[in-house]
Amino acid sequence: MATQKERDQVTGTETTGHEWDGIKELNTPLPRWWLGIFYACIVWSIGYWIVMPAWPMIHSYTTGVLNHSQRDDVAAALKALRDARAAKEHELDGATLEQILKNADLQQFAMAEGKAAFGDNCTPCHGSGGQGGHGYPNLNDDVWLWGGTLEDIQRTITVGVRSTSPETRSSQMPAFGRDGLLKPEQIDDLTEYVVHLSRRTADAKAVARATKLFAENCSSCHSNAGKGDRQYGAPNLTDNEWLYGPTREDIHEQIWSGRGGVMPTWGGRLSPETIKALAVYVHSFGGGE
Amino acid sequence: MHTVISARDTAPMAAEGVARSDAEASNSAANRKFYKARVPIYPKMVQGRYRRIKWIVMAITMAIYYLVPWIRWDRGPFSPHQAVLVDMTHERFYFFFIEIWPQEVYYVTGLLIMAAVGLFLASALFGRLWCGYACPQTVWTDLFIFVENLIEGDRSARIRLAKESWGSSKIAKRVSKHATWLIIAVATGGAWVFYFTDAPTLAHDLAHGTAPIGVYAFMALLTFTTYSLGGLMREQVCTYMCPWPRIQGAMMDNEALSVTYRADRGEPRGPHKKGDSWQGRGSCIDCNQCVAACPMGIDIRDGAQLECINCGLCIDACDEVMLKIGQPLRLIAYDTDANVARRARGERARFRLIRPRTILYSVVLVIVGSLMMFGLSTRRTIDLDVLRDRNPNFVTLADGSVRNGYTLKVMNRADQGRDFWLTIRGIQPRAVNLIGVGNVSLPAKLAVGPDKVRTLRVLLTVAPHDWQNSHQRILFSVADAEHHETRTVRAVFVSGDPR
């Protein structure tokens, strides 16, 4: 232990007297302001233990004088949010879809709620812009299997398609090929017929052969002219929109196996107001009727 | 404020009637040490021409700072009546007759370029005028030193006080000094917030304690910065924090005016005894008064240096001494390095204000200024943004038509609501649907409120025979009712061309 304080020649700073291989440690203590804050923090933390939840126990924890809980805060914040929305939700509940469209304020509310609900529930299949995809309907266009009015959309969302709801919208196209209802060459002819329906060039002989086949097997749902029927969810075969693709292969595959998608029922999962808001939002994509 | 240079009995004399100050240039680069704490600087109060100019500039700049938010400007019933206002909430910047929207931030860019080039020009002509007189750091530090001088006395008294042990008198002086500083700091932060909200309303709210929390937060922040930068850190801000001292090295040349010790006249320096001849020696009696007066803690006789803010206080200090010893004034003066060299060679000193770089800076300044004036005088009061939907990119309809969606932002920068007419060229849409309005025929009338943006979604449906290619250029136009102003924006109609 050095009895006298030694100063480093280069820096003029005191050394601690510790030396390693001729290098002496400079005595540069922590700045006083830093230490001051450090001690203040210690004092503060003691107060914190008393006031706030701090120490874990075996089955619980010390709750502190304030009995503060972030979990309660979240619950309270959510409740406050629900209360803030309650009036508008109530208004939405009471209004018909037509009234919502006429009331700019209510429409804006419905659009905002619909957008959030769409993003949470619908985008996995229909896409974030409602553009759909192979086997998933595009909600932007003017082609609707089950109708494109506000009421139709609301109903489709509520009951779903081929869903578990007893009231579900449902249609089942037979798998003409897979189940052996028609012969492969008949399906080839029908494919040409459907191509012909959508005003594309098709093998005239095959079309002539398939006319009777179509009337017997398809027209009950798709109508004689092939325009489809929304009552049965049967698509219009004369337009340019194809859920499972427009090529001959796509059409052939559809007649062969009769594919149909499933949309879950949202009634009971989403509140009636949210479904209304969703209907308004989807309707606003541009294809609404 | 007593500025008598008195010869104390014990003090060494530099010349008859002039005491030698023991001031040291503690902040000059040569004397700063890595490991050493800052040596406090106690600038001595001086009187003279430059001190006077500094008082006047301080009064003017402070008046501008405190009064500008209170100037009113009539902009009609729908806009605020504050001449200078940065309205964050409504995203507007008002400056007298100018109103800038966030989309026009290039005007602010132009203003900043002008400020920078103006600073370059001023530096090339007159040196660091900004640093010495107009910079807020200088003005507020000057004010803080003035307060310190008022409460604790001049340089020697302040040094004595610092060395004194803590007693009631020292505590009283220190407390009142810091309290006054804090009051100034609060007033500084308090004035800043008025630039961002309607000043009379905010003043009322502040008086009643009902102003928004953000206002108090900003006041607290600026109080802290004013107090610490102006009161505690002072010259360290200029020496360590500010980039300008570094930049100005490139901006100045040896023809730029700067506070200069005329070594040709002053050297060789040394104390002067009464009766001695002035022949064969310089006018500098090495009294160190220039060092004592320097707020930056440097010795101007070391030549031009980064730390010098060119405030001219050493000129005043030296002139007082020169007057006393009967030597010509301006041993330290606004001069150029080139002139010092010229005099040393026996040539005549002259000031070359017109030099390539000053011409260049002036030309740039005039060009940018003219562009700004042109832009502002021909500024549109109507504007349009078009954002094409990309999700989905386009929609094919049952009959083969294709629909594209666009979000239009129609901006009305006038003080009253107006009706605009929307037209679309370059394509013949089968239907134009404004979401929320319904199908419309072109030109479509759009009412936009005063100083407002109206956002509209437009759906264009085009039949297959009406487009030429998969990406067709189209034009959206909005015009006011009298067709004085039209704004046209290019967009594209995407069909994917499924024909």
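This is a predicted model: local features need pLDDT of at least 70, side-chain atom pairs count only at pLDDT 80 or more; totals for chains, interfaces and linings use all residues.
In other words, chain A holds eleven helices and two strands.

**The two chains side by side**

Let's turn to chain B, where the secondary structure comes to 15 helices and 17 strands. Its radius of gyration is 33 Å, well over the 23 Å that the globule rule gives for 499 residues, so chain B is more spread out than a compact globule. For chain A the radius of gyration is 36 Å, whereas a compact globule of 289 residues would have one near 19 Å. The table sets out some overall values for each chain.

| Property | Value |
|---|---|
| Chain A, span of the C-alpha trace along the principal axes | about 120 × 55 × 40 Å |
| Chain B, box filled by the C-alpha atoms along the principal axes | roughly 110 × 60 × 45 Å |
| Chain A, buried residues | 27% of 289 residues |
| Chain B, buried residues | 29% of 499 residues |

Contacts along the sequence can be read for each chain too. In chain A, 54% of the contacts with a separation of 6 or more are between residues 24 or more positions apart. In chain B, among contacts between residues at least 6 apart in sequence, 71% join residues at least 24 apart.

**Where the chains touch**

The contact between the chains involves 17 residues of chain A and 14 residues of chain B. On the chain A side, twelve of the touching residues are polar, four are charged and one is nonpolar.

**Cores of chain B**

In soluble globular proteins, nonpolar side chains tend to be buried together. The largest nonpolar core here has 36 residues, and B:Cys290, B:Cys314 and B:Ile332 have the most contacts inside it. At least two residues of this core come from each of strand 1 (13-15), helix 3 (129-134), strand 6 (258-261), helix 12 (289-293) and helix 13 of chain B. Helix 13 of chain B gives the most, with six residues. Leaving aside residues up to four places away in sequence, B:Cys290 touches B:Ile300, B:Cys314, B:Ala317, B:Cys318 and B:Ile332. A second, separate core has 22 residues, including B:Phe394, B:Met411, B:Leu459 and B:Val478.

**Helix 13 and its partner**

Helix 13 (residues 313-325) of chain B also meets helix 1 (residues 49-67) of chain B: their axes come within 7 Å and cross at roughly 145 degrees. On the helix 1 side the contact is made by B:Arg49, B:Tyr50 and B:Arg51, and on the helix 13 side by B:Leu313, B:Ile315 and B:Asp316. By class, these residues are three nonpolar and three charged, with no polar ones.

**A four-stranded sheet**

Further along chain B, four strands form an open sheet with antiparallel pairing, in the order 14-11-16-17. Strand 14 (444-448) and strand 17 (486-494) of chain B are the edges, each pairing on one side only. On average, neighbouring strands of this sheet are turned by 30 degrees against each other, direction ignored. Strand 16 (residues 471-480) of chain B runs antiparallel to strand 17 of chain B, and nine bridges join the two. For a handy landmark, look for B:Ile474, which stands opposite B:Ala491 in strand 17 of chain B.

Note on methods
Residues are numbered from 1 along each chain as its sequence is written. Chains are lettered from A and ligands numbered from 1 in the order in which they are written. Axes are lines fitted to C-alpha atoms, for helices over the stretch in contact, and angles run from 0 to 180 degrees between N-to-C directions. Two residues are in contact if their C-beta atoms, placed from the backbone, lie within 7 Å. Ala, Val, Leu, Ile, Met, Phe, Trp, Tyr, Cys and Pro count as nonpolar, Asp, Glu, Lys and Arg as charged, and the others, Gly among them, as polar. The radius of gyration is taken over C-alpha atoms; the globule rule is 2.2 Å times the number of residues to the power 0.38. A residue is buried if 20 or more other C-beta atoms lie within 10 Å of its own, exposed if 12 or fewer, and partly exposed in between; C-beta atoms are placed from the backbone. A nonpolar core is a set of buried Ala, Val, Leu, Ile, Met, Phe, Trp, Tyr and Cys residues joined through C-beta atoms within 7 Å. Two strands pair if DSSP finds at least two bridges between them.
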